[in-house]
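Hi,

Here's the structure I promised to pass on.

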Amino acid sequence: MKKLDEFLKANAKDELLSWDAHKKAMKVFRLGCRHVEEAALALNILPARYKRNQKSITTALQRKLFQSKSAVIGCGGLGGYIIEELARLGIGTIKAIDPDIFEEHNLNRQILCKVSDLGKPKAKVAKTRVKTVNPAVKIISLVKAFSRENGPELLEGMDVVVDALDSIPTRIELAECCAKLNIPLVHGTIGGWYGQITTQFPGDNTIQIIYQNCKDSKGLEIKLGNPSFTPAIIASLQVAEVCKLLTGQGTPLRKKMLFINLLDMEVDQIEIGQTISC
Amino acid sequence: MQVTIKLFATLRQGRFDVDTLNLPPKTKVTDVIQQIGVPHKEVTLIFINGRHSDFSSELHEGDILALFPPVGGG
């Protein structure tokens, strides 16, 4: 691959590789988009699509993101935005898991859902979208429901898991599975004007604590539905947490939960620890 | 004793955001929840003075009790 390296160095301008040069390298060396991106990043050359990342994420960290694997459980309201943002961010491998198909009532908020996609599996549409946005990303789409039984197989080898589920009992199973596999879990959930996020590290049991009084109950969303703006906000916060975990930057929301009330524009950060009986 | 109650999200509907209640000594969280008419299953997180607590926690003069409902959509 010495010739590829020489080509990339010769065609990079200010350590940036344009999409035209990227495509040319793919054609000349008969390589996939992903291989060229990998080779460029190894040379500290940044594909130009990430130029606006660069001030926040160095080329070395961009390479780290490219080498990372993230699973998104649920491709609906939260999951759609999460997958879109992870792909644009440059996460190298994304596993998108959802058993459902798009329905008309998803159109108000689910970014992946177009009229032409009604009836199609959400995970498959996610794959098509990612290929369009960032062909360097390896997207694995699974039209499956996450469960305690298939969890270890689905999540094995992931660096981070993102919770975009719509069920409290399944969410608790996901948290338990991530804990067993030693994988950090970025939790997000929405209901009406409200949403919350936290990041659970292995051994923290944060999700179990949050839902300890309502393991089998339905959340607010049953009464309130979900408008278009709530998933976009919570999903973006989740992706910021993923980015921090994978690049080692900043302070994650560990043992803390952000509760967001868009109706009154209030944001509360609360500590989640061992329950205290006074 | 006086205890301040802070309700979050839908728990406010038809009730209040923040209120101070006069309560007898040794009142527990579960008693307050009953008094303000919130079904137990609508409360998932309980904090007293910012510390994570539970239904059986006892309240004291000047405490701030915060209650959150479960959110589960995605």
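Between chain A and chain B, 14 residue pairs are in polar contact, counting pairs with both residues at pLDDT 80 or more. That cut-off is there because this is a predicted model, not an experimental one. The two chains also share 3 salt bridges. If you'd like one to look up, go to A:D264 and B:R12: their side chains meet in a salt bridge, with 2.8 Å from N to O.

Which parts of chain A supply at least two residues each to the side that touches chain B? There are helices and strands on that list: the helices are α5 (77–89), α8 (168–181), α9 (206–210) and α10 (221–224), and the strands are β7 (185–191), β8 (194–200), β9 (256–261) and β10 (266–271). Sorted by class, this side of chain A has 18 nonpolar, 16 polar and 9 charged residues.

Now for the whole interface. In terms of contacts, 43 residues of chain A meet 29 residues of chain B. For chain A and chain B, the buried area is about 2600 Å², and carbon and sulfur atoms account for 57% of it.

There's a second contact to explore, this time inside chain A. Where they touch, 11 residues of domain 1 are in contact with 14 residues of domain 2. The two domains of chain A bury about 930 Å² between them, with 49% coming from carbon and sulfur atoms. Which residues of domain 1 lose the most area to domain 2? They are A:R34, A:R49 and A:L61, and together they make up 50% of what the domain 1 side buries.

As for how the domains of chain A hold hands, the count of salt bridges between them is 0, while 7 residue pairs are in polar contact, again with both at pLDDT 80 or more. On the domain 1 side, α3 (33–42) and α4 (59–66) of chain A are the elements that give two or more residues. α3(A) gives the most, with 3 residues. By class, that side of domain 1 has 5 nonpolar, 3 polar and 3 charged residues.

Cheers

Definitions and conventions
Residues are numbered from 1 along each chain as its sequence is written. Chains are lettered from A and ligands numbered from 1 in the order in which they are written. This is a predicted model: local features need pLDDT of at least 70, side-chain atom pairs count only at pLDDT 80 or more; totals for chains, interfaces and linings use all residues. Side-chain values use heavy atoms; hydrogens and water are left out. Contact means heavy atoms within 4.5 Å. Buried area is the accessible area (1.4 Å probe) that two parts lose on being put together, summed over both. A salt bridge is a side-chain nitrogen of Lys or Arg within 4 Å of a carboxyl oxygen of Asp or Glu. A polar contact is a pair of N or O atoms within 3.5 Å; within protein, one must be able to donate a hydrogen and the other to accept it, and residues adjacent in sequence count only if both atoms are side-chain atoms. Helices (H or I, at least four residues) and strands (E, at least two) are DSSP runs, numbered from the N terminus. Ala, Val, Leu, Ile, Met, Phe, Trp, Tyr, Cys and Pro count as nonpolar, Asp, Glu, Lys and Arg as charged, and the others, Gly among them, as polar.
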